[in-house]
Amino acid sequence: MRGEGKSGGYRWNIWLSVWAGPIISAFAILLYILVLDIDIPAIKPRQTLENASATIVYFAHVGNIIAAFVLAGALLQEEYALLLVWMCWSLLFTLFVIILIPMSVFTLLRHIPARIILHSVSLLASLWSLFNVARIYRNRNSHDWDSRGDFSSRRENMKGENNRATGESNVL
């Protein structure tokens with residue numbers, strides 16, 4: 001998961017999965033504002049289904065963008081408790097998108113296939129990032145001390161070392 005040769009960094013696929021979701025969310029919001037959420041004049045007043053769908057879209061995708069910044073900060077700072085919070089948000093976002101797919105089928109507005117494709121791509125990006133972050137969280141306590149994965153040489157050094165200048169040992 002960690003990049004080779006870099007201390008504290010993650011590989012490119014982790015960062016791509018982190019930022020793919022918010023980019024798709026920003027694209028979804030932009031598409032909804034410009035194209036997908038325009039009412040047909042014949043269906044005034046607007047249906048409750050259309051209002052609920054738009055509310056879920058805007059709330060979920062804006063929340064996903066904010067959560068991605070929190071996730072990036074948590075990964076950089078190695079704050080694993082925030083990873084748990086992000087995973088809970090990601091499950092909620094996934095539930096919202098799963099609800100949006102059937103709501104998009106029964107809409108009275110145009111561009112139904114575009115809505116379904118947009119929500120499906122958003123769902124896949126969310127599941128991909130959730131899988132990667134869950135792997136990071138699961139492996140949070142495993143440290144690779146040696147490039148070969150051999151812990152024996154490091155354990156010998158952890159027994160206690162004497163400071164040559166003061167003669168003190170680091171063993172309590």
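I looked up Ser 53 first: with a relative accessible area of 5%, Ser 53 is buried (buried means under 20% relative accessible area, exposed over 50%, partly exposed in between, with a 1.4 Å probe and protein chains only). This is a predicted model, where local features need pLDDT of at least 70, side-chain atom pairs count only at pLDDT 80 or more, and totals for chains, interfaces and linings use all residues. Residues are numbered from 1 along each chain as its sequence is written, and side-chain values use heavy atoms, leaving out hydrogens and water.

I found Ser 53 in helix H2 (helices are DSSP runs of H or I with at least four residues, strands runs of E with at least two, numbered from the N terminus). Which residues does Ser 53 touch, leaving aside neighbours within four places in sequence? I noted Tyr 32, Leu 100 and Met 103 (contact means heavy atoms within 4.5 Å).

Next I checked Ile 66, also placed in helix H2. Ile 66 counts as exposed because its relative accessibility is 51%.

Helices H2 (48-77) and H3 (80-105) each give two or more residues to the patch, and H2 gives the most, with three.

Finally, I looked at the whole chain. I counted five helices and zero strands, and buried residues make up 36% of the 172 residues.
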